[in-house]
Structure formats: structure tokens, C-alpha cells
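Subject: The structure you were asking for

Hi there,

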Amino acid sequence: MEQWLIANQYLCRFGVFIVAFLAFALWEKSSNWRQRLTSRRTRWLRHFSLAAISKLCIRLVIPIITISTAILMQSKGLGLLHQSHLPYLTQFMLGLLAFDLALYVQHRMLHKYRWLWRFHRVHHIDKELELSTGLRFHPIEEMYTVGIKILAVGFFGILPLAVLLYEILYSLSLLFAHLNIRLHNKTEKALQRLIVTPGMHRIHHSDYSEETNSNYGFCLTWWDRFFKTYNEVSVSGERKLVFGLEEYRDPKYQSLINLLLLPLDLRYLRVKHIKRPKTKMKAY
Ligand SMILES: [Zn+2]
């Protein structure tokens, strides 16, 4: 079974992605928490184009993938977990945790370093959040992310099947976290004990810098809690939360070509400090 899953990893990943995307799209359509500013067709076309360009760049520039790295490290017995000789299941679970931690760190670096923020801004200047925002990343940021993933898989010696499962969970989390839906308060609170929810991630897209620089997690909320970057509630309240970056409000920045060229804009190379008011809204 494991051999089959790994041999057919593209089929597994793509199959789960398509099913999840369609299911999430139906969920959004029936819920539609916030009024759309732009048509779904325009946004999907723009974001799928960006994702396709990213995939092409990764294929052309990076000769290996995470699973081939995991298979190589396993065959040579290299990497922290392979060296540990822990039982398979323990290695598997620790591998999932290590992968998620690595992605948390890479996201913090995207916000901390100016040369990385210039690419990550493409994701953050979106003025509305919905399913396809989870595909909206600059190709160079995507290549950087793949590079970090390969390093993490190699360094920790993550098992190939754990890599496949995490890659699937990662793409599902990206879609889920950006959904334009509103969960029931109790559900939101219960889920946030474990996983990143739309209610938690939308605070990361707030235009207040203290909120933009919080809630970095992808799958698990534990890293944000542990490293004290967890933000449970926006001061604006969910309804009034403003998405995007103040310096890129002009609609011209949203076109595909301008998203690709945005990193060449040498202005605003740090998250612009916008102080938030003191009033504190009630948590869930
Ligand atoms: Zn971010």
C-alpha cells in the first residue's frame, strides 16, 4: 500500500486537491460570509494562472522533490529521525510535527526579512479572502518554500509516507484557512486548539501590522501558541477586519502581471507599522 501511494503520489495529491477544492467551493457558495468584491471567475483565473506559473518554474529550476529527497535519505539512513532508530509510528508522527514546524519558521522568515517580504506581499495585498487566496503566491516565494521543505525533509529524515501525507494536509490547510466562511463560535474555538481555522488565519491578513505579524501557522496552532505569536481575536472584530496592505490599496496592483512584478517595487520592504486601537474585542 505504502509503495503504491508513493509511486502514485501525484495522482493522490492532485485527486485530493480537486475533491477538496470543489467541496470547499460549494461550502463557500452556500455560506458566503463576506460580500465578494471581485467575481469568482476573475479571481480563480488570476490565482490558478499564478499557481500554474509557479509549478512550471519549480519544475524548471528545482530538480528534486520532497518525496524523492525522503526516499534518498531513508535509503542512506540519513537525517535525525532515521538516526534515532525510534519505532516507525513515532518517526512518522514526529516527521509530521517537524515538517509543520519548518513551515511555521519559513513563514516567519517571509515576514521578517525584507528580501522575502517583497515576494510574500503578493499574498498579503489581497483585499478579500476566499478559497483561491490559498493559491496566490509569487513563483519565487513558491520556489523558496519548496527549498525549505526539501531542507526540512533532509535534515529531519522525514519518512516518505509522512512527507506525502503532510503535502496533502498542507494544501488542504492552505485552502481551508482562506475560506470565506464563518464557523460557529464553539466549533471555531474547539478547532483552534489543534488546527488553523479561517477565523484565526484571517487575523494574519489584517492591515494592522501587529496582527499581520501573528498567526503564522499552517496546519497546527501549537507553534503560534508556543512561540507567542498566537492572536485569538482582532481588535477590529471579525466583521470590520480590513484585509490587505494599506500601501497597495489601488486595484491596479491586483492584475496578474502586476502581481508578478510586485517584488520589483523597492518601496515598503517591511510590514508597514500601522498601530491598532487599544479596544479589545471579545474572543470566541
Ligand atoms: Zn504571511
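This is a predicted model: local features need pLDDT of at least 70, side-chain atom pairs count only at pLDDT 80 or more; totals for chains, interfaces and linings use all residues.

The largest pocket has a volume of about 1100 Å³. It is lined by 42 residues, and those closest to its centre are Arg13, Lys55, Glu142, Lys149 and Ser171. Two or more lining residues come from each of α2 (9-31), α3, α6 (88-112), α7, α8 and α9. Helix α9 gives the largest share of this lining, with eight residues. By class, the lining of the largest pocket holds 22 nonpolar, 13 polar and seven charged residues.

The second largest pocket holds about 300 Å³ of space. Of its 16 lining residues, Leu169, Ser173, Ile195, Cys219 and Leu220 are the closest to the centre. Here the elements that give two or more residues are α6 and α9. The largest share again comes from α9, this time with five residues. The lining of the second largest pocket divides into 14 nonpolar residues, one polar and one charged.

Searching the whole structure turns up two cavities of 30 Å³ or more, and the largest cavity has a volume of about 80 Å³. Its lining is made up of Trp33, Arg34, Gln35, Arg36, Glu128, Leu129, Glu130, Leu179, Asn180, Arg202 and Phe243. Five of these lining residues are charged, four are nonpolar and two are polar.

The structure holds ten salt bridges. Glu130 pairs with Arg43, and the closest N and O atoms are 2.7 Å apart. Because Glu130 lies in the loop between α7 (114-124) and α8 (139-156) while Arg43 is in helix α3 (residues 40-61), this pair ties together parts that are 87 residues apart in sequence. Is Glu130 buried or exposed? Glu130 counts as buried, since its relative accessibility is 0%, and Arg43 is buried too, at 1%.

Another salt bridge joins Glu167 to Lys149, with 2.8 Å between the closest N and O atoms. Glu167 sits in helix α9 (residues 160-177) and Lys149 in helix α8, so the pair links distant parts of the chain, 18 residues apart. Glu167 is buried, with a relative accessible area of 5%, and Lys149 is also buried, at 8%. You will recall Lys149 from the list of residues closest to the centre of the largest pocket.

Arg267 and Asp265 meet in a salt bridge of 2.9 Å, N to O. Arg267 is partly exposed, with a relative accessible area of 40%, whereas Asp265 counts as buried at 15%. Elsewhere, salt bridges that share partners join Glu28, Arg36, Arg43, Asp126, Glu128, Glu130 and Arg136 into one network.

Now to the metal site. Which residues coordinate the zinc ion? The donors are His107, His111, His120, His124 and His204, each through NE2, at 2.1 to 2.2 Å. Their spacing in sequence is H-x3-H-x8-H-x3-H-x79-H. His107 is in helix α6 and His204 is in helix α11 (residues 198-204), and this pair links parts of the chain that are 97 residues apart.

Thr212 is in helix α12 (residues 209-212) and is buried, with a relative accessible area of 1%. Setting aside neighbours within four places in sequence, the contacts of Thr212 are His111, Trp117, His124, Ile203, His204, Ser206, Asp207 and Val271. Among them, His111, His124 and His204 are also donors to the zinc ion.

Do write back once you have had a look.

Technical notes:
Residues are numbered from 1 along each chain as its sequence is written. Side-chain values use heavy atoms; hydrogens and water are left out. Helices (H or I, at least four residues) and strands (E, at least two) are DSSP runs, numbered from the N terminus. Buried means under 20% relative accessible area, exposed over 50%, partly exposed in between (1.4 Å probe, protein chains only). Contact means heavy atoms within 4.5 Å. A salt bridge is a side-chain nitrogen of Lys or Arg within 4 Å of a carboxyl oxygen of Asp or Glu. On a 1 Å grid over the protein atoms alone, a cavity is a set of points where a 1.4 Å probe fits but cannot get out, and a pocket is an open set with protein on both sides within 12 Å along at least five of seven lines; lining residues have an atom within 4 Å of a point. Grid points are joined across faces, edges and corners, and a volume is the space filled by probe spheres set on the points. Ala, Val, Leu, Ile, Met, Phe, Trp, Tyr, Cys and Pro count as nonpolar, Asp, Glu, Lys and Arg as charged, and the others, Gly among them, as polar. Donors are N, O and S atoms within 2.8 Å of the metal (3.2 Å for Na, K and Ca); water is not among the atoms, so sites may look incomplete.
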